[in-house]
Amino acid sequence: MNNPNSPHMAPTEPDTTREWVRHLAKYRDPKLFRSLLELTATAGPFIALWALAWWSLSYSYWLTFALSLLNGFFVVRLFIIQHDCGHSSYFKNRITGDWVGRVLGVFTVTPYDVWKRAHNIHHSTSGNLDRRELGDIDTITVDEYQALSRMGRFKYRFYRNPVILFLIGPSYIFLLTNRLPMGMMKSGAKYWFSALGTNAAILALLAVIVYFGGWMPLLLIFLPSTVMGATIGVWLFYVQHQFENTYWDRDENWNLHDAALHGSSHYVLPEPLQWLTGYIGIHHVHHMYARIPFYRLKEVLRDFPVLNEAQRLTIRESLSCVKLQLWDEKNRKLLSYREMKEMYGAV
């Protein structure tokens, strides 16, 4: 039984997904000291590992490379702070949050305002089959796949191939497509300024690195840490929404709150990995109330045990999600190509 007088326990659990908004609102306020502490605890190791990797260039390129891969996790954590700034959940002052996000965007090679717009679209349309827009991994239905031409099916299979999706795709997105306001080319000068301003800052930073250290810090520190961070980020985003019993619906039946709770996973990671990834694995809570700072998401699970058990996805279970590619509207689940063939016959 929940104790209504306990500050650490919610007195009741909502009956509908819409009611969760009211219950989760009390967790939305960021704590300035905690926000600054988390920023320091992320930027500090990021800079220290950069310095250590640079120092190690004189001794072992393999050690440099290993340290850079490790630093990829702190790139992810910087991105999570940037992500929270985009939701206005990291600082009470929105202007402060936006400028911190823009600065971090240089180190995560992600133009802040462009990403913020795309990510807000993702939150407002996630799980809506009639609004598959920016910020999502392309997913089509069984019927749509069967209606494609042979070339269309080949293109979709190529895109969803794990090698493309998790090895080549992250580098392509973060190193190339992020350089322009993709999907917002006609949306206004703000997004051009965001992309080109971030590009100019990145180039200036890289020029300083090359001037003082030559090309090896660029090749063995910057690129590996950036690509590692991008790969981890894409994997996390994938398993947060691409699991068997996720949520998709047509616009007339789609519900924002149902999509948030049932269309987002609770990725159960060991505590060190949870910390390194900014607790973003508690994704169902984040989608229900995006204004909650990442460092308060565990408070929600502590106070609402039902959410701790909802949509749980272990590392082992997440690996099987890679084979799921098509949404079956009839049975309301993601299928593999083999399952589609067994249920509906060959195309």
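1. Basis. The model is predicted, so that local features need pLDDT of at least 70 and side-chain atom pairs count only at pLDDT 80 or more, whereas totals for chains, interfaces and linings use all residues. Residues are numbered from 1 along each chain as its sequence is written, and side-chain values use heavy atoms, with hydrogens and water left out.

2. Overall form. The secondary structure of the chain comes to 17 helices and 5 strands, where helices (H or I, at least four residues) and strands (E, at least two) are DSSP runs numbered from the N terminus. A compact globule of 347 residues would have a radius of gyration near 20 Å, and the 21 Å of the chain agrees with this; the radius is taken over C-alpha atoms, and the globule rule is 2.2 Å times the number of residues to the power 0.38. Along its principal axes, the C-alpha trace spans about 60 × 60 × 40 Å.

3. Among contacts (heavy atoms within 4.5 Å) with a separation of 6 or more, 69% join residues 24 or more positions apart. The accessible surface, from the Shrake-Rupley method with a 1.4 Å probe, comes to about 17,200 Å², and 63% of it belongs to carbon and sulfur atoms.

4. Largest pocket. On a 1 Å grid over the protein atoms alone, a pocket is an open set of points with protein on both sides within 12 Å along at least five of seven lines, a cavity is a set where a 1.4 Å probe fits but cannot get out, and lining residues have an atom within 4 Å of a point. Grid points are joined across faces, edges and corners, and a volume is the space filled by probe spheres set on the points. The largest pocket holds about 1,400 Å³ of space and is lined by 46 residues, with G135, D136, I173, F174 and V234 nearest its centre. Its lining has 28 nonpolar, 15 polar and 3 charged residues, where Ala, Val, Leu, Ile, Met, Phe, Trp, Tyr, Cys and Pro count as nonpolar, Asp, Glu, Lys and Arg as charged, and the others, Gly among them, as polar. Helix α10 gives the largest share of this lining, 9 residues, while α3, α5, α7 and α8 are among those that each supply at least two.

5. Second largest pocket. This pocket has about 260 Å³ of space and a lining of 14 residues, of which F243, E244, N245, L313 and C321 lie nearest its centre. By class, the lining divides into 5 nonpolar, 4 polar and 5 charged residues.

6. Cavities. The whole structure contains 2 cavities of 30 Å³ or more. The largest has about 110 Å³ of space, and of its 14 lining residues S126, D136, H241, Q242 and W248 are the closest to its centre; the lining divides into 5 nonpolar, 8 polar and 1 charged. The second largest cavity has about 30 Å³, and helix α4 (residues 94-107) supplies the largest share of its lining, 3 residues.

7. A loop residue. T246 lies in the loop between α10 and α11 and is buried, because its relative accessible area is 7%. Leaving aside residues up to four places away in sequence, T246 touches H241, H262, G263, W327 and L334.

Notes
Buried < 20%, exposed > 50% of the residue type's maximum accessible area, 1.4 Å probe, protein only.
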